[in-house]
Amino acid sequence: MTGVPAPAPGGTGRAPGGKLGAAAVSQAGLWNVANVLTMLRLVLVPAFVVLLLQDGGYDPAWRAWAWAAFAVAMITDIFDGHLARTYNLVTDFGKIADPIADKAIMAAGLVCLSALGDLPWWVTGVILSRELGITLLRFWVIRHGVIPASRGGKMKTLAQGTAVGMYVLALTGPLATLRWWVMALAVVLTVVTGLDYVRQAVALRRRGLAAERAARAASEPPR
């Protein structure tokens with residue numbers, strides 16, 4: 001005896017609610033706290049844009065609300081990845097949606113600020129070009145390995161978030177001057193870490209190709 005009850009006449013022998021149970025497990029995997037925070041950040045992107053551009057984009061009160069939405073989005077960026085790694089909540093959705101949400105909120109802030117004339121377009125171009133280039137580099141070397149996040153990259157993200165947040169607020173006087181320097185630091189870190197990422201990507205690809213050639217040579221029969 002196997003200990004498994006025989007299927008009822010006309011039954012399939014599968015556990016009751018097999019498909020439904022599998023769907024429930026899949027759904028539970030998707031709807032975890034880390035993914036919910038990522039979804040919240042995605043929803044905050046259009047909300048942030050609408051708030052920032054209210055009344056022509058120059059109303060201090062609306063810009064304060066836009067800053068609040070931006071701040072919440074940046075804070076959730078810190079927690080969702082940490083929760084996913086700590087509590088084993090990593091999902092395919094999170095792997096795709098998290099970087100999209102990160103870049104979307106930053107791109108929205110930069111483009112809107114440049115469109116309003118608060119931020120030079122070349123700053124937006126440098127930052128967005130770097131982010132797009134690094135994304136393409138990841139695909140270029142992904143079969144050879146993953147380049148871990150560096151301390152410089154984390155500093156770059158912090159500087160960018162702080163600078164954009166300060167530009168969203170209607171600051172005047174010394175704080176307006178300070179935000180210029182914070183943005184300058186963000187641009188420098190963006191360029192420096194981008195070049196370092198290119199260096200690491202090229203080195204990783206070379207090592208990967210060398211390992212592949214060595215593996216092929218080892219698998220060939222001796223002549």
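**View 1. Asp55 counts as exposed, because its relative accessibility is 57%.** Here exposed means over 50% relative accessible area, buried means under 20%, and partly exposed sits in between (1.4 Å probe, protein chains only). This is a predicted model, where local features need pLDDT of at least 70 and side-chain atom pairs count only at pLDDT 80 or more, while totals for chains, interfaces and linings use all residues. Residues are numbered from 1 along each chain as its sequence is written, and side-chain values use heavy atoms, with hydrogens and water left out. You'll find Asp55 in the loop between α2 and α3. Asp55 isn't a glycine, yet its phi is positive, at about 55°. Most residues other than glycine have a negative phi.

**View 2. Helix α2 (residues 33-53) meets helix α3 (residues 60-86), with axes that come within 8 Å and cross at roughly 160°.** That crossing angle makes α2 roughly antiparallel to α3 (angles over 145 degrees, on a scale from 0 to 180 between N-to-C directions). By class, the contact of α2 with α3 has 18 nonpolar, 2 polar and 4 charged residues. Nonpolar covers Ala, Val, Leu, Ile, Met, Phe, Trp, Tyr, Cys and Pro; charged is Asp, Glu, Lys and Arg; the others, Gly among them, go down as polar.

**View 3. The protein chain has 7 helices and 0 strands.** Helices are DSSP runs (H or I) of at least four residues, strands (E) of at least two, numbered from the N terminus. Of the 223 residues in the protein chain, 34% are buried. The protein chain exposes about 13,900 Å², with 70% of that supplied by carbon and sulfur atoms (Shrake-Rupley method, 1.4 Å probe).

Technical notes
Angles under 35 degrees count as roughly parallel, over 145 as roughly antiparallel, 65 to 115 as roughly perpendicular and the rest as oblique.
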